[in-house]
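Student: I have a new model open and some questions about its inside. Can we go through it step by step?

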Amino acid sequence: MLDIIAFDADDTLWHNELYYVQAQDRFKQVLAGYGVCELADQRLDATETSNVKVYGYGIKSFTLSMIETAIALTGGRITGQDIQTILELGKHMLDAEIHLFDQVQETLAMLAQHYPLMLITKGDLFEQERKIARSGLVEYLDYIEIMGEKTPTSYQGLLCKYNLEPERFMMVGNSLRSDIMPVLDIGGQAVYIPYQHTWAHENVADRPAGQQGYYELERLGQLPELIARLEG
């Protein structure tokens, strides 16, 4: 029997990485004028990964990483006008509408009738709070937790906070690195729902196929059927 079902937010309940992909394409267009756009993807990924420990996750961190990458790749030649363009890309992302995946609202409404639901996300507090408030999903959520990082230790701390047993806790998410592997490591249950766009930082070498407590679905709407089957 499950005591609680938790959900990741970005790219599990609503589209997020798509906006990063679009911004990165525009970023490369800006750098094309300097003849360095072919280096942009690899350099930006490396800069983002390095900056996580300084700025954390989120759009603000991404925007600062784009500016840092642009300065480095152009040898400081990038103009103030082009830096302003990069800043506007970040602002546009922050103001983007929240687009839920299909069946998200119906699925949460159905599950909320039988289980307490929790949202567990990581990133900038202000940014994530704005997304959650605009998502229209707050009425289905009993608990909301915004973490700096998702690790076995942070999940274990969360379970202790709510007095939960790992085997009675289920996490649903699109990131093997953040949503799935840490939960399996502490003995919890995890449901992986792949998304077409995944930041390189979130990739892991192999899926934990066959591991106890691990399940994989194509879409969130299949979750109630899976839970009903597991609950017998």
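**Around Ser 135**

Tutor: The backbone nitrogen of Leu 137 lies 3.2 Å from a polar atom of the side chain of Ser 135. A polar contact is a pair of N or O atoms within 3.5 Å; within protein, one must be able to donate a hydrogen and the other to accept it, and residues adjacent in sequence count only if both atoms are side-chain atoms. This is a predicted model: local features need pLDDT of at least 70, side-chain atom pairs count only at pLDDT 80 or more, and totals for chains, interfaces and linings use all residues. Residues are numbered from 1 along each chain as its sequence is written, and side-chain values use heavy atoms, with hydrogens and water left out.

Student: Which backbone oxygen lies 2.7 Å from a polar atom of the Ser 135 side chain?

Tutor: Ser 135 is found in helix 6, residues 125-135. Helices (H or I, at least four residues) and strands (E, at least two) are DSSP runs, numbered from the N terminus. The oxygen at 2.7 Å from the Ser 135 side chain belongs to Ile 132.

Student: Is Ser 135 buried or exposed?

Tutor: Buried means under 20% relative accessible area, exposed over 50%, partly exposed in between (1.4 Å probe, protein chains only). Leaving aside neighbours within four places in sequence, Ser 135 is in contact (heavy atoms within 4.5 Å) with Trp 14, Ile 98 and Leu 100. Its relative accessibility is 8%, so Ser 135 counts as buried.

Student: How many residues does the largest nonpolar core have?

Tutor: A nonpolar core is a set of buried Ala, Val, Leu, Ile, Met, Phe, Trp, Tyr and Cys residues joined through side-chain atoms within 4.5 Å. Phe 7, Leu 108 and Leu 223 have the most contacts inside the largest one. Elements giving two or more residues to this core include strand 1 (4-7), helix 5 (104-112) and helix 9 (223-231). The core has 28 residues.

Student: Which element gives the largest share of the lining of the largest cavity?

Tutor: On a 1 Å grid over the protein atoms alone, a cavity is a set of points where a 1.4 Å probe fits but cannot get out; lining residues have an atom within 4 Å of a point. The largest cavity is lined by 14 residues, and Ile 59, Met 93, Leu 94, Lys 131 and Arg 134 lie nearest its centre. Helix 1 (17-32), helix 4 (80-94) and helix 6 each give two or more. The largest share, four residues, comes from helix 6.

Student: How much space lies in the largest cavity?

Tutor: A search of the whole structure finds one cavity of 30 Å³ or more. Grid points are joined across faces, edges and corners, and a volume is the space filled by probe spheres set on the points. The space in the largest cavity is about 110 Å³.

Student: Where does Asp 11 lie, and what is its phi?

Tutor: Asp 11 lies in the loop between strand 1 and helix 1. It counts as buried because its relative accessibility is 7%. Its phi is positive, in a residue other than glycine, and is near 70 degrees.

Student: Is Asn 163 buried or exposed?

Tutor: Asn 163 is found in the loop between helix 7 (152-161) and strand 4. Its phi is near 55 degrees, a positive value in a residue other than glycine. At 69% relative accessibility, Asn 163 counts as exposed.

Methods
On a 1 Å grid over the protein atoms alone, a cavity is a set of points where a 1.4 Å probe fits but cannot get out, and a pocket is an open set with protein on both sides within 12 Å along at least five of seven lines; lining residues have an atom within 4 Å of a point.
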